[in-house]
Amino acid sequence: QVQLVESGGGLVQPGGSLRLSCAASGTIFSIVAMGWYRQAPGKQRELVARITSGGSTNYADSVKGRFTISRDNAKNTVYLQMNSLKPEDTASYYCAADILRYPDYGVEDYWGQGTQVTVSS
């Protein structure tokens, strides 16, 4: 099986920064893409940022210029650097990955357990 383990959430003041990490482990042949989603209370889960194995990225409009996604393919790890945080960034942040466990398998989606980010003074 595959596990995604997130870390780095917490409480930060408006304008502050946090860095989230997510490490994938288990039976992994290749990781097609990794990304971060978030869900605030009463709202739908939304894509924050995504990065492919080739390094292509896409971001939600609300975080462009403030958040940066990166990955370390050797460590099967994805990072989300969040700067200039705003109260509206408060949410549970979830790591997701599109993973090929074996060469002849289809791509499967995996999710982490989530980490809370709270932006408040």
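Is Arg38 buried or exposed? At 6% relative accessibility, Arg38 counts as buried. Buried means under 20% relative accessible area, exposed over 50%, and partly exposed in between, with a 1.4 Å probe and protein chains only.

This is a predicted model: local features need pLDDT of at least 70, side-chain atom pairs count only at pLDDT 80 or more, and totals for chains, interfaces and linings use all residues. Residues are numbered from 1 along each chain as its sequence is written, and side-chain values use heavy atoms, with hydrogens and water left out.

Start with the surroundings of Arg38. The residue belongs to strand 4 (residues 30-39). Strands (E, at least two residues) are DSSP runs, numbered from the N terminus. The side chain of Arg38 makes a polar contact of 2.9 Å with the side chain of Asp89. Another polar contact, also 2.9 Å, links the side chains of Arg38 and Tyr93. A polar contact is a pair of N or O atoms within 3.5 Å; within protein, one must be able to donate a hydrogen and the other to accept it, and residues adjacent in sequence count only if both atoms are side-chain atoms. Beyond four places in sequence, Arg38 touches residues including Arg45, Glu46, Phe67 and Glu88. Contact here means heavy atoms within 4.5 Å.

Now follow the strand pairing. Strand 4 and strand 9 run antiparallel and share nine bridges. Two strands pair if DSSP finds at least two bridges between them. Gln39 faces Ser92 of strand 9. Ten of the ten residues of strand 9 are buried, so this strand is largely enclosed by the rest of the structure. Strand 9 also pairs antiparallel with strand 10 (residues 108-111), through four bridges. There, Tyr110 is the bridge partner of Ala97. Three bridges join strand 9 to strand 11 (residues 115-119), again antiparallel. Ala91 stands opposite Val117 of strand 11.

Tyr37 and Trp111 form a tilted pair, 4.9 Å centre to centre with 55° between the planes. Rings of Phe, Tyr and Trp (its six-membered ring) pair if their centres lie within 6.5 Å; planes under 30 degrees apart count as stacked, over 60 as edge-to-face and the rest as tilted. Tyr37 lies in strand 4 and Trp111 in strand 10, so the pair ties together parts that are 74 residues apart in sequence. Tyr37 is partly exposed at 23% relative accessibility. Trp111 is partly exposed at 41%.

Four strands form an open antiparallel sheet in the order 1-3-8-7. Strand 1 (2-7) and strand 7 (67-72) are the edges, each pairing on one side only. Strand 3 (residues 18-26) and strand 8 share six bridges. Ser21 stands opposite Tyr79 of strand 8. The charged end of Arg19 sits over the ring of Tyr79, 4.1 Å from its centre. A charge sits over a ring if NZ of Lys or CZ of Arg is within 6 Å of the ring centre and within 35 degrees of the ring normal. Arg45 does this over Tyr94, with its charged end 3.8 Å from the ring centre.

Finish at Asn83. This residue sits in the loop between strand 8 (77-82) and strand 9 (91-100). Asn83 is partly exposed, with a relative accessible area of 30%. Its side chain makes a polar contact of 2.9 Å with the side chain of Ser17. Asn83 also touches Gly16, Arg66 and Phe67 among its contacts.
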